[in-house]
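Please look through the model below before reading on.

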Amino acid sequence: MAYRSFISTSPDSTSAGEEPRPELSDIRRYGRMLVRRFVSQARAAERPTFRSVIAEHLGVPLADLPVVDEHWPAYEHVNVQAALDAWLEAPGRRHRLVGMADYRHRGPFGLADLLGQDGSMHHHGPRPGNVTRTSMPSGPAGRTRECLRAALVLVEEGPDRIALLLRGADPESEMRGVSVEAVANRDGLATAVTAALRQLALDLNVYRGQVVSFGHSTFGERSSLLRFHERPAMTADDLILPADTFADVRRQVVGVARNSDRLRAAGQHLKRGLLLYGPPGVGKTHTVRYLVSQLVGTTIVELTGETLGAIRDACSIARSLQPSMIVVEDVDLIAQERDHYSGQTPLLFTLLNEMDGLDEDADVVFLLTTNRADLLEPALASRPGRVDQAVHVDLPDRESRRRLVELYRGRLDVDLGGLDDVLDRTDGVTASFLKELLRRAAVVAADREPSADAALTVSADDLTTALDELLDTRNQMTRAVLGFREA
Ligand SMILES: Nc1ncnc2c1ncn2[C@@H]1O[C@H](COP(=O)(O)OP(=O)(O)O)[C@@H](O)[C@H]1O
Ligand SMILES: [Mg+2]
């Protein structure tokens, strides 16, 4: 009966009771099939396994060889690769890469599993295969580095032999972070190598001094990746704030950063928390951008309400890559999110706890912004000391409005003959309202003078027309989105 399944390939086509009789050609075919199967099994047994490759490389018995491992969060993959590349380049060190096949969709495994005797792991588990790489962001402007996904690195240096298994985060195999596991042919070597890699990954950290934010990840916050951003270019002239507000913000963030060594030497704490609060459209985000532009060389980690789950990672980055600044914009969004059961606001308290957990003399700024200081006040008041200074960014006063008109006219030719009237009528508007006013006045002027060749000149009337439009009752919604507070 055993051969029946081979001979009658389609049992349905033969009616019941009518057994097909094997013919000589069938038997020959069956024979060939058996031989093929036998040969391929025999060859599979000889195919190198990770165990055999590593045993041959190390040249020592594998039994009881200690495996040393190091782990990093997923976003460190690029740093681990940079560390590995640098370490492998050292003179006198030679290496060979062995890729990996059939390792995904199989759950977690480690170097110890590959070294183990378990035969099923060898026949069905990961096998030596092609080296696969993945491109990871390594800097702003789209810079990337090729990173190994999963590979064995066989290293040789004089009499030393090391085998490293590097694996990146891979949801398919339940790998949440990056790991390097090492075995070597003499005591202490594997530990020394992984420690060297950890140090190099920190020294060569691609996030140091950059502006980064956490992106959304498909598999849990712990493994979300970091995005790079260009550092904005801004000068003090681009930010219109009352002189004392500007001085407060600048001293607390930039001033302390510039004098960190002297302050530290004098035993003063460097960690600082700054809250910018005020109505929408007055320039809180704009101020953040200005501060980021001034802190060249400072590591900036930006978080939003959605990515605040990564606050612990953000703090760990800020701690390792000082001087640094963590920006959390619109914290009120997380302050409103209450836990179903306790009524507490877990994210906000996590943030405050993390702020508290960082060393006092860490050169780290926490910069928070909010439109709703009233929502935050109870939490901040109940945990004093996290925020050292709350700066009220208010609607622009008359002098600020004059400067804003000046700033946003830019190179535009504007007749400012009626400026006083405009300033009188814009009491209570936001900075973004004035920005829009100038843009609108330019559009009105362009409409009035349709010839494309004529240079744009905004008359006092154009400015008034634009202002009338924006203040018109029909534009109530526009005013609202520009942050205008109706009287
Ligand atoms: N104080 C300011 N000085 C210069 N421009 C400002 C100022 N405030 C707002 N603006 C302009 O208005 C835009 C919106 O302001 P934004 O900083 O987003 O307000 P907020 O974060 O307080 O809601 C800014 O991108 C900037 O162009
Ligand atoms: Mg904002």
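In this predicted model, Arg401, Leu404, Val405, Tyr408 and Arg409 of helix α15 meet Ala431, Leu434, Lys435 and Leu438 of helix α17; residues are in contact if their C-beta atoms, placed from the backbone, lie within 7 Å. Sorted by type, the residues of this contact are 6 nonpolar, no polar and 3 charged. Here Ala, Val, Leu, Ile, Met, Phe, Trp, Tyr, Cys and Pro count as nonpolar, Asp, Glu, Lys and Arg as charged, and the others, Gly among them, as polar. Local features need pLDDT of at least 70, side-chain atom pairs count only at pLDDT 80 or more, and totals for chains, interfaces and linings use all residues. Residues are numbered from 1 along each chain as its sequence is written, while chains are lettered from A and ligands numbered from 1 in the order in which they are written.

The axes of α15 (residues 398–409) and α17 (residues 431–448) come within 9 Å and cross at roughly 45°. Axes are lines fitted to C-alpha atoms, for helices over the stretch in contact, and angles run from 0 to 180 degrees between N-to-C directions. Helices (H or I, at least four residues) and strands (E, at least two) are DSSP runs, numbered from the N terminus.

An open sheet of mixed pairing holds 7 strands in the order β10-β9-β12-β13-β14-β11-β15; strands pair if DSSP finds at least two bridges between them. At its edges, β10 (226–229) and β15 (389–392) each pair on one side only. Strand β9 (residues 211–214) pairs with β10 in the antiparallel sense over 4 bridges, and phenylalanine 214 stands opposite leucine 226 in β10. Helix α8 (residues 243–258) lies across β11 (272–277), β14 (364–370) and β15, running at about 145° to β15.

Definitions and conventions:
Contact = placed C-beta atoms within 7 Å.
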